[in-house]
Amino acid sequence: MQVKGSKEIRAGVLDSGLCTGCGACVSLCPYYATHKGKTVMHFSCTRDEGRCHAHCPRAEVNLDMLSSVIFGEEYSAEPFGSYISIYTARAGDKAGLSSFQTAGTVSALMKFSMEKGYIDSAVLTKNDNGFGVPVIVNDPSGIEKASGSRYSVSPSVKGVNEAINSGRKKIGTVSTPCQTLAIAQMRGNPVKQENFIDPIALSVGLFCTWALRASDFTDLLKSMGDVSTIRKLDIPPPPSSVMEIETGNKSYIIPLEEIRKLVPEACSYCHDMTAEFADISVGVFEGRNKQNIAIIRTERGRKIFDEAVNAGYLIREEISSKDIAPLAAASINKKKKGLAKLADAELVNSEGKDAVIRIKKSTLESIFKGGALCC
Amino acid sequence: MLLSKSEGKEFLLMGNQAIARGALEAGVSVAAGYPGTPSSEIIENLAAVAPDADLYVEWSVNEKVSLEVAAAGSFAGLRSLCVMKQNGVNVASDFLLHLVLSGTRGGMVLIPCDDPGAISSVNEGESRYFARLMEIPLLEPGDFQEAKDMTKWAFELSEEISNVVMLRSVTRLSHASGNVKLGELNRAKPSAKFNFSGNLLDAKTGPVITAPVPFRHTQQQAKLKKAIDLFERSPFNRYEGPENPELLIITSSACYLYSREALRVLDAEKRAGILKLGTTWPLPPELLKKHLAAADKILIVEEVLPFLEENIKILAMENIDSIGKIKFFGKNNGTIPSVNEMNPDHVIKAVSSILNIPYTGMPEEYEKSGQILSFTKSPNRELTFCPGCPHRASYWSINRALTLNGKNGFVCGDIGCYTMAILPAGFGTIKTAHSMGSGTGVASGFGKLKSFGLNQPVVSVCGDSTFFHAGMPALVNAVHNGSDMLLVILDNSGTAMTGFQPHPGIPSDAAGNKLPSVDIESVCRSIGAKTFTTDPFNISETEKKVLDIIENETGARVLIMRQGCALSPEKKGKKKYNVSVDSNICKGTDCGCNRLCTRVFRCPGLVWNSSTGKAVIDEIICAGCGVCADICPSGAIKRSEVMS
């Protein structure tokens, strides 16, 4: 991959509506900052090469190179990317979780990993006055407090950078696909720092179809009352097509078409639904609101997952190919749509200018050919 | 020395000192002004001798009020002086328009000091046109002796015609120095009394008013005719050169010296003559007619606008029968540049082309390569804030807050050192800059454009002195009209840019005597603006406050950023912190810093050592404010409190 600098980030990402607000460039240097879910740049940096560009999920991402760093193989055209196995999963009693949004898989995994010492800290996302902000949790009891879906764009990778800055060497992360992509790029040491050791011990990815513009979404929530009293934000699986909000002693139902107006343009370029560069990816199992789907992608992910199951923190079940078909269809659909939109904007394998994505031509062709644009 | 009794002895005086001495020789009793380069030293010098010379000297809240204060002295029979920079006349002009109609009693002189080339200004204003517009006499000293002598005479002229006299100086006269032979000091202390019980139409004893206007206007024009008679015989207008010159240069002010130099350099003193005018409005027609008739080619040398040129051309046209055909050279035909300062080179170029005298000053190639070299090779020493200046810290926080907010907010600037925030010194934060107080007025307007879709946060900045000068009415306007804007008052506790003159917020007068001060915060609150304060040296709190006020408050609000100027007498030479850079921690140009302190923050007290690749503190000039320690992303800049 070609590492450039902040000039390219400002012009090609921030000012082009491609920034996902993942926070990958924040807390690396004094020039980037995030406020209310938006990444901004203070003053200007004149360096030709920087970690901002190297880590950004929207600047010169070479999927094949990245895939070989994380999985030791070329980028796969499969709907879920590279993986070892897929299960249904939910928290077991041993996890000791008192409440969770769907099935508690992510909280249980993080809690188990920290208690067993696989991770020394977990970078999660908490609610700060209606905005999602990263929080570094160093104690298993703190994990549950940061559980639950956020929906709005949050700069979680900023928290990963801060955990690294503070000397953490075994970090557990929970991140959306764009954030996971940024973390994976960082793990490949693209700027070739001396004595680099991958500080991420467990990367848990979250399925994501889109996020919401934080500022606008918070304004919407604020119009319903005190955002600090929001108990639940949920989008039940189809065919319900609404968002449910519980705040104070009231609950609201908002049609999804209203919510979709708050999706940033940047999300429409996204080609990754299942956080393909994580160790384990977790998301909703459509139609089963007490179960998650867990995609085990790496050997270390498999090891922790199996141990958590054996220790009773997680309960897993086999899943049939018929049951994962809707997710596969949605995933390939998003991949095709995102890549097609990027290709239309000449941002895939671009020649003579910066690309957002670089990918082997034959892989790209088989993605466009495979599956149906349906569902 | 200003009060020296050594009459007839020569002293080296700065032009502004010469003017002050002239006023003292005239027996001035009241002097008022508003600070502004290049005029400030006149009031400052008078203030320094005020207790010994029985003067009342005042730094007024603005130029209009200073003219009113000086006028009161005149109405009470005292000789009074009013001093300001060129654009101050615009501020004072409304009162001036009425003052010239009511007339004056004690001699009253208005001294604007113009700044051709805008060396210390954001305009190239011309005060001379006001003399014509207001129909009052205009005097322009041509050297330092004249600066003193003409000032003294201006008071006599004012009393002779019972009206204000304008004496115009320029930067190169006000701020350069030359020999001046002193005259006798007038040490009589006149008593003041305002008479008003006479006839309504009696300008000497009745009320001082402008009505009935046609009557007073007729009187005023008659006064001006009287001035013409005096100008015809004035020793301040003189001719030097051959009887029938090939070329006649007509000039005034500092341009007289440039013209003399040009003729000497070209060895053209036998071919060209110089008519140096000291009384430039109204022109003395007989004197002009005599000299215009003696030459066929006329070159008019003056600074900024073609004021003399236009007036002379009108006079020549009116008298074409006796003068005959003349070829004029000047600004209108491009012989003399129509903007910027004049200098001997411009005059040499003009004269050599008119008289066909070959002249190569600096070879063109040499000049060009000099320009290129100075641009490419010399260190970039742009205008910037001093080490320890609170403005740098203030703009750091304002700029960052506007960036974080992310809605294209902008700052309407105002007049002071802090205007430099149009430059990298203030991170280019200012996006409009005009006249005193106008930033807040413009912001008041921007803050009403929401209904047309303007959703950008609107911020104005204004200094403490500027706030009193013209910012207050703009804030009243913003509050009253419900404008959505934030006024940031950069309160560094003094009129810092012009040399630390006091203003109404400072508890002392021009001479250092104690006075009650006016509290800015209370003023803003009583106007009805939601008012906050912060210490700009606390950059994280200041950034948070700006952002919070922009995002969570509406209407006209005020944030006072209070921290004294680093050059203020209270702070100068006293460090709060010892500051140093730990070179083991400093990241230099590495990713993660890239010289934030020396490349972006750019306090002159921070120096980039290119051989070690680290930042260092220049301990000689570091003012010890300690702000850079908070800027450094790596914590490499250390500060420790200085034990007193």
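Two exercises with worked solutions follow, after a note on conventions.

This is a predicted model, in which local features need pLDDT of at least 70 and side-chain atom pairs count only at pLDDT 80 or more, whereas totals for chains, interfaces and linings use all residues. Residues are numbered from 1 along each chain as its sequence is written, chains are lettered from A in the order in which they are written, and side-chain values use heavy atoms, without hydrogens and water.

**Exercise 1.** Determine how helix H9 (residues 255-265) of chain B packs against helix H13 (residues 344-354) of chain B.

Solution. Next list the contacts (heavy atoms within 4.5 Å): Tyr258(B), Ser259(B), Glu261(B), Ala262(B), Leu263(B) and Val265(B) of H9(B) meet Pro344(B), Val347(B), Ile348(B) and Val351(B) of H13(B). Sorted by class, the residues of this contact are 8 nonpolar, 1 polar and 1 charged.

**Exercise 2.** Characterise the interface of chain A and chain B, including any salt bridge across it.

Solution. First count the residues: 19 of chain A are in contact with 21 of chain B. Then take the buried area (accessible area, 1.4 Å probe, lost on being put together and summed over both parts), which is about 1,600 Å², with 58% from carbon and sulfur atoms. Finally, apply the salt-bridge rule (a side-chain nitrogen of Lys or Arg within 4 Å of a carboxyl oxygen of Asp or Glu), which finds 1 across the interface: Lys36(A) pairs with Glu551(B), their closest N and O atoms being 3.0 Å apart.

Conventions
Axes fitted to C-alpha atoms, helices over the stretch in contact; angles between N-to-C directions. Helix = DSSP H or I, 4+ residues; strand = E, 2+ residues; numbered from the N terminus. Nonpolar A, V, L, I, M, F, W, Y, C, P; charged D, E, K, R; others polar. Buried area = accessible area lost by both parts, 1.4 Å probe.
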